[in-house]
Every structure is written in structure tokens, then in C-alpha cells.
Amino acid sequence: MVMSAQPSGVDSDPTPEFNEQCTAVVDSWQRGDLPFQEAIARLNTFREKAAASGHVANQARTEQLLGNIQHFHGNLTTSVQHWERARTLFAQVNNQISVAGMDLNIGESFRFKGDFARAVRMFRTTYNIASELGDLRIQTIATTNEGLALVAMGQHSAARNAFEKALQLL
């Protein structure tokens, strides 16, 4: 993958204030202070505001968090849809670390769904992006998750290789 220059005048990260507002919703939901549907509604409102303002990274962050909540609520297909939209939006603003993060999340949903071959492909894509960016943390997580998927596939030798690679990265 060749990293292109970031478009002029485009923020690649969500604004700190917007991010704080969105994560407060997720935190409140995780503590049990906010019902699932209300958390979704609030994040959807933030997403609409981000889209109206044209701040793509803010919009991507809401999609990411909607995916997270849906994933933890057991709605794996819906979580993948949100993460794919987040991935597309993060790619538009050239936030490659977040693109890799979305690929990692998508891979986890596929692993949870039992689509192990597709999960492995996503983890390898994630690893490659993270490797190009020099992000050892994401490389390690992707390799470990690949190992978990390979175990589920009964490919124990390949899984061991993945786990050993993850240990070397650590």
C-alpha cells in the first residue's frame, strides 16, 4: 500500500471535544447508566452532526463506536457494516492507523461469526498496514488474533507460528 498525501485542510483525526462527547455515551452505556437504544440514538445524532459539518473523521469515529456497541451487543453483521463505513471514511482522510483498526475489528467480528478464513484475511491485511506504518501494537494484536482463528480452523502448526511471531513482536 502506498500512502498518499493527506488532502489539504482535512483533519485525519476526530476533534478532541467530539471524541470526548462520543466516548462519554459509550462509557455511560458500558456502566449500565444508558440503555442500548438510547446510546445508539445519541451516537446517530452525533454522526448526523458530523456529516452536516463535513468533518469526515468525526463521522468515522461515530461509525467506529456504533460498530463497537453493536459488536458487544452481539449484532456482528451490524457492527461490520459500521466498521466498513468507518474504514471508508478514515481512508478518505488518510488515517491509516484507524483503517488498520477497522480491519482488525472487522476480522474479530468474522472470527466471532465463525468465518475464520475471512477473519484470517482481515488480520493479515491489518498486519500489513500496521507493518508499513511501524505500529507494533496493532501488528501484535493482528498476529495473535490470526493465531486464534487458525486454532479454531484446526491449523495448529500455523497457529503456533502466528503466536510465536506475536511473541517476537512483543
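**Close-up 1. Contribution of α3 to the second largest pocket.** In this predicted model, α3 gives the most to the lining of the second largest pocket, with four residues. Helices (H or I, at least four residues) are DSSP runs numbered from the N terminus. A pocket is, on a 1 Å grid over the protein atoms alone, an open set of points where a 1.4 Å probe fits, with protein on both sides within 12 Å along at least five of seven lines; lining residues have an atom within 4 Å of a point.

**Close-up 2. Lining and volume of the second largest pocket.** The residues that line this pocket are Val 26, Trp 29, Gln 30, Asn 68, Ile 69, His 71, Phe 72, Trp 83, Asn 105 and Glu 108. Two or more of the lining residues come from each of α1 (16-31), α3 (56-72) and α5. The volume, the space filled by probe spheres set on the grid points, is about 160 Å³.

**Close-up 3. Lining and volume of the largest pocket.** The largest pocket holds about 220 Å³ of space. Gln 64, Phe 90, Ile 97, Ser 98, Gly 101, Met 102, Leu 104, Asn 105, Arg 137 and Ile 138 form its lining. At least two lining residues are supplied by each of α5 (96-113) and α7 (136-152), and α5 provides the largest share, six residues.

**Notes.** Residues are numbered from 1 along each chain as its sequence is written. Local features need pLDDT of at least 70, side-chain atom pairs count only at pLDDT 80 or more, and totals for chains, interfaces and linings use all residues, while side-chain values use heavy atoms, with hydrogens and water left out.
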